[in-house]
Amino acid sequence: MSAQPEPLAPPGEPATVEFPEPLADGVVVECARFGTPEFDAAFEVETRLFHAVGYVESLEHHRESYEAYQASSRFYIVRVGGEIAGVLRAIEHSEAGFKTAKDFPLFDGALDGVDPSKILEIGTVAVEPDFHQQGIRYAERLYHAAVVESLDPNVLRDGNQNPVSEGPQTHWIASIDEGLLRKVYNPYYHFRFWDIGPTVFYLGSPTTPVMMDCSRTMQEMREFDDETGVYSRVILGNFPD
């Protein structure tokens, strides 16, 4: 069983960050809440792309699997020229719990010590095939949007110690392809996820349920920013023109 870092101190009061936000290269990122046409459009993209690669049987099957989590979900949407290029689903804690905890066997006490309301689940990330060449670039925009809106301001501050984020969460959980986790997310991006359950075959590949202390991740990203530029891009949103 992986050791779990100690939880952070209680965060400040949550606030709201407005999207969409036009970016330097004409890309727009927006946040879509449940019950809006934009949410439905993002859900259709998520389902269609997952169905195309055999992850889900149908729209109906996918909708049923997420029915208990729809109201607690939001989609971050990246648009290029008004067209959806990619989506990221984030899930807040609700009476249904987290989908990762439902779909994976977790280690005993894996989520102990952290208030569930301070955890955000990164559910899915999907990029349209026409935009795959720039897929990583658009995924970074989506993660940046999730960071700014979800993280507690005590977790994320700029060089002058001014708050950058305006949210309630201090930790993320997710289920990530084992290859991406070990070769990309942790070593390159310095998302310091630790395992909260065993790796199982899920949605077409070996997948591991993981958790991340966002404060520790921010610290390490800053340390390696001169080498990778990840902190400047994904966290602070300083994307190249």
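**Figure 1. Helix α1 and its surroundings.** Helix α1 comprises 16 residues and spans 22 Å from its first C-alpha to its last, close to the 22 Å expected at 1.5 Å a residue, the expected span being 1.5 Å times one less than the number of residues. Helices (H or I, at least four residues) and strands (E, at least two) are DSSP runs, numbered from the N terminus. The model is predicted: local features need pLDDT of at least 70 and side-chain atom pairs count only at pLDDT 80 or more, whereas totals for chains, interfaces and linings use all residues. Residues are numbered from 1 along each chain as its sequence is written, and side-chain values use heavy atoms, with hydrogens and water left out. Gly 54, with a positive phi near 85°, follows α1.

**Figure 2. The crossing of α1 and α2.** The axes of α1 (residues 37-52) and α2 (residues 59-66) come within 10 Å and cross at roughly 115°; axes are lines fitted to C-alpha atoms, for helices over the stretch in contact, and angles run from 0 to 180 degrees between N-to-C directions. Phe 43, Glu 46 and Thr 47 of α1 meet Leu 59, His 62 and Arg 63 of α2, contact meaning heavy atoms within 4.5 Å.

**Figure 3. Phe 43 in helix α1.** Phe 43 belongs to α1 and counts as buried because its relative accessibility is 3%. Beyond its neighbours within four places in sequence, Phe 43 contacts Leu 59, His 62, Arg 63, Gln 70, Phe 75 and Arg 89. Phe 43 and Leu 59 are 16 residues apart in sequence and 9.2 Å apart in space, C-alpha to C-alpha.

**Figure 4. Nonpolar cores.** A nonpolar core is a set of buried Ala, Val, Leu, Ile, Met, Phe, Trp, Tyr and Cys residues joined through side-chain atoms within 4.5 Å. The largest has 36 residues, and those with the most contacts inside it are Tyr 76, Leu 88, Trp 172, Phe 191 and Phe 193. Helix α4 (residues 135-150) supplies the largest share of this core, six residues. A second, separate core of 13 residues includes Ala 32, Leu 49, Ile 77 and Ala 126.

**Figure 5. Two loop residues with positive phi.** His 190, not a glycine, has a positive phi of about 60° and lies in the loop between α5 (178-185) and β7 (193-195). His 190 is buried, with a relative accessible area of 5%. Leu 203, in the loop between β8 (200-202) and β9 (205-213), has a positive phi near 50° and is partly exposed at 31%.

Notes:
Buried means under 20% relative accessible area, exposed over 50%, partly exposed in between (1.4 Å probe, protein chains only).
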